[in-house]
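This report goes through one protein model by topic. Please look at the sequence and the structure first.

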Amino acid sequence: MLEMLERGILMSVQTMNHPPFLTGDAFRKRTQTRCRGRANSSTALQLSSDESGNYAEPCTSLLSQPNTIGVIGGVSLLSTLIFLEKLACWGSRNGKECPPFVVSSDPALSKMLSLRGPLPSARTRFDRIKLNQDLVIENLRCKRNFLQQSGARGLAMPCHLSHAWHSEISEDSSLPFLHVGDCVAMELKNAKLKPIHAAGIVRIGLLTTDSNFVASYYQERLQSQGFEVVLLDKATEEHVLVPAMEALYRKDIEGARNLLRIAIHVLLVRAVNLVLLASDDLLGVLPHNDPLLRKCIDPMDALARSTIHWAETMVKVHEKL
């Protein structure tokens, strides 16, 4: 289990022109190469809204299987696609068929938050998000409703920032809605990690570029399972992590890598067992063979594994009926 947790699944998806409807064949070809799994009959649909963020209501459910996964796309389309690839990889392991899934994703969130273009300051980014959070919640709730009407029986949302409003999005819905914080906490608990400092509590480091929105729910979910969450101090965040993101936006990859390594080391010297890279921007910065990645976790891996576990459990429950 520890080896699974420490393995960083760092995938890249090449930029391409995606059609409005993306069938399972597109993912099947990729996963045959990456996961060495057999082809499966699952269907993945890229469902887009119009420019205003409105969704057309489907006339009938697209899928009717009891293990159909609904994926709520977040701010980054690329991150959503990477998560779908994780689902395909974990779902098709050991020759199994990947569970069916349906996806709702559109550019409205990124437009609402004005996150495109030059890197905004931390203060500006915070203000934009707070100003538009009601619109963001409504957008995500519309996606949730669309997926439910399309036949989804359970939901996952591969976006760290969107999880800040998980409870608001899940209101008035009877569908199971996995939370990335819970998924990470349970995997860490099952790994039976041993504390590496005198206090006797397992410490988990957290790196995120949206600490005002993301840190609190990771702290809450992990602390409920007996872990201590360790964040960067403000000085290190301002003088190391923020410059790392600025270097990345300037395409100074080597500079970004060196600064990210420093940030990870700062947490490691504070006796953390592992470091959560809870930001899309941080994933893929370090080369895949960097030894520091053995101490890092992509939380979306845990969400993908938990989602597949839920889908497999639903099949077993349905078979017993």
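## Strand β2 and its partners

G70 stands opposite L155 in strand β4. Strand β4 covers residues 154-156 and is joined to β2 by three bridges, the two strands running parallel. Strands count as paired if DSSP finds at least two bridges between them. Helices (H or I, at least four residues) and strands (E, at least two) are themselves DSSP runs, numbered from the N terminus. The model is a predicted one, in which local features need pLDDT of at least 70 and side-chain atom pairs count only at pLDDT 80 or more, whereas totals for chains, interfaces and linings use all residues. Residues are numbered from 1 along each chain as its sequence is written, and side-chain values use heavy atoms, with hydrogens and water left out.

G70 also stands opposite V102 in β3. Strand β3 spans residues 101-104 and pairs with β2 in the parallel sense over four bridges. Between β2 and β3 the chain passes through helix α3 (residues 77-91), and this β-α-β crossover is right-handed. Right-handed means that, with the strands pointing away from the viewer, the path from the first strand over the helix to the second runs clockwise. Strand β2, residues 69-72, is covered on both faces: I69 and V71 on one side, and G70 and I72 on the other, are all buried. Buried means under 20% relative accessible area, exposed over 50%, and partly exposed in between, with a 1.4 Å probe and protein chains only.

Which order do the strands take in the open sheet of four strands? The order is β6-β5-β7-β8, with parallel pairing. At the edges stand β6 (228-231) and β8 (296-297), each with a single partner strand, so one side of each has no neighbour in the sheet. Strands of a sheet pair through backbone hydrogen bonds, either parallel or antiparallel.

Strand β5 (residues 203-207) runs parallel to β6 and is joined to it by four bridges. Within this pairing, R203 stands opposite E228. Helix α10 (residues 253-268) packs on the sheet and touches β5, β6, β7 (274-277) and β8. Contact here means heavy atoms within 4.5 Å. The direction of α10 makes about 155° with that of β5; axes are lines fitted to C-alpha atoms, for helices over the stretch in contact, and angles run from 0 to 180 degrees between N-to-C directions.

## Aromatic pairs

The structure holds three aromatic pairs. Rings of Phe, Tyr and Trp (its six-membered ring) pair if their centres lie within 6.5 Å; planes under 30 degrees apart count as stacked, over 60 as edge-to-face and the rest as tilted. One of the pairs is F126 with F213, tilted because the planes are at 35°, with the ring centres 5.4 Å apart. F126 lies in helix α5 (residues 122-149) and F213 in helix α8 (residues 211-223), so this pair ties together parts 87 residues apart in sequence. F126 is partly exposed at 21% relative accessibility, whereas F213 is buried at 9%.

W165 and F213 make another tilted pair, with centres 6.1 Å apart and planes at 50°. W165 lies in the loop between β4 and α6 (166-170), and at 4% relative accessibility W165 is buried. Together, F126, W165 and F213 form one aromatic cluster.

## Cysteines

How many disulfides are there? The count comes to zero, a disulfide being a pair of cysteine sulfur atoms within 2.5 Å. C159 is buried at 4% relative accessibility, and C296 is buried at 2%.
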